[in-house]
Structure formats: C-alpha cells, structure tokens
Amino acid sequence: MNLLGPASRQAVTDAEDQTGSAPFLEVLMGWSEVVTEGRGLTHVRRHVSTLTARLTAHLPWICEQPWVRDFQEEIRDLVRTTQRITMAVPRKELLRGVTCPSCGGLTLVRHFPGDWAAECALCPSVRMDERDYRLLVEAQARDAHDRVNP
C-alpha cells in the first residue's frame with residue numbers, strides 16, 4: 001500500500017520517502033528479514049503478499065520470541081492506518097445463542113467482513129478460529145439437548 005496518494009504508481013520502498021508512519025512494505029520487509037535470519041530461511045521477493053505469507057507461516061515461532069510485542073504493535077499500527085485511510089473498519093457481529101466458554105455470557109462476537117475469529121467482548125483471552133467456534137457450538141448444542149432429554 002502506498003500512502004503517498006493515488007497518483008503514485010509504485011510502492012514506497014524506503015522509510016525516508018515518506019513523512020509519518022513507515023511504509024507498509026518497509027515494515028513487512030523488516031520483520032520478514034528478522035524471521036528469515038532467525039529461522040535460517042532463504043529470502044523472499046519484496047512483495048506485500050509474499051512478505052505477509054512469510055510472516056503468517058511463522059506466527060507460532062514469532063509468538064515465542066522476546067520481540068513479539070514490538071511485532072504486534074507495528075502490525076497493529078499498519079492495520080489501524082489502513083482502516084483509517086480506507087474508512088473500512090470491520091464491524092463486530094454478535095454471535096447469538098452461544099455463550100463464552102470463560103465468562104458464560106452471550107458476548108461472543110466476530111469481526112465482519114474477513115476475520116472469522118470469534119472473540120468475547122468481555123474476556124480478552126477468549127479468541128477462536130472458525131473450527132474452534134464450530135466445536136463450541138456443537139458442544140453447547142449437545143449439552144442443551146442432554147439437559148432437555150436426560
């Protein structure tokens with residue numbers, strides 16, 4: 001993503017080319033290089049999709065590193081910048097009829113569109129992917145059935 005405006009036809013590749021936040025490509029490239037060196041991998045092409053795929057593929061390893069908070073903050077800043085520029089903030093959709101496995105409240109939501117992760121609006125530690133959410137729904141349906149038909 002180029003934050004210089006619609007007239008620019010190429011990606012900003014140097015942090016010195018822009019005032020304010022570092023260019024997306026520069027941030028992704030920096031973190032990709034950290035992963036590449038840390039894991040002994042070959043370098044990937046300098047392209048947003050390729051760099052994002054590299055980082056996504058190594059998220060479990062990244063989460064174990066002492067610098068994970070810095071990584072998380074920089075990626076969160078990229079997401080917020082994108083949302084601010086595009087005015088495309090995902091809305092939270094209430095997932096009706098399913099209780100949070102932690103607090104028991106009807107507080108599970110998911111961000112729409114795109115992110116299928118379900119999370120509790122009250123419990124920051126409760127976050128599920130589509131598979132975990134489906135298993136939770138099935139388990140709660142079985143429990144409800146067993147209470148009605150002992």
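Q: Taking helices (H or I, at least four residues) and strands (E, at least two) as DSSP runs numbered from the N terminus, which strand holds glutamate 93?
A: Glutamate 93 lies in strand S1, residues 91-94. The model is predicted, so local features need pLDDT of at least 70 and side-chain atom pairs pLDDT 80 or more, while totals for chains, interfaces and linings use all residues. Residues are numbered from 1 along each chain as its sequence is written, and side-chain values use heavy atoms, without hydrogens and water.

Q: What does glutamate 93 touch beyond its neighbours within four places in sequence?
A: Glutamate 93 is in contact (heavy atoms within 4.5 Å) with Leu108, Val109, Arg110 and Phe112.

Q: How far is arginine 110 from glutamate 93 in space?
A: Their C-alpha atoms are 5.3 Å apart, although 17 residues separate them in sequence.

Q: Why does glutamate 93 count as partly exposed?
A: Because its relative accessibility is 28%, and partly exposed lies between buried (under 20%) and exposed (over 50%), with a 1.4 Å probe and protein chains only.

Q: Changing topic, which residues of H1 meet H4?
A: Phe24, Val27, Leu28 and Trp31 of H1 do, and their partners in H4 include Phe71, Ile75 and Leu78.

Q: How many aromatic pairs are there?
A: There are three, counting ring centres of Phe, Tyr and Trp (its six-membered ring) within 6.5 Å; planes under 30 degrees apart are stacked, over 60 edge-to-face and the rest tilted. Tryptophan 31 and phenylalanine 71 are edge-to-face, because their planes stand at 90 degrees, with centres 5.3 Å apart. This pair links helix H1 to helix H4 across 40 residues.

Q: Are those two buried or exposed?
A: Tryptophan 31 is buried at 10% relative accessible area, and phenylalanine 71 is buried at 9%. Together with Trp61 and Trp67, Trp31 and Phe71 form one aromatic cluster.
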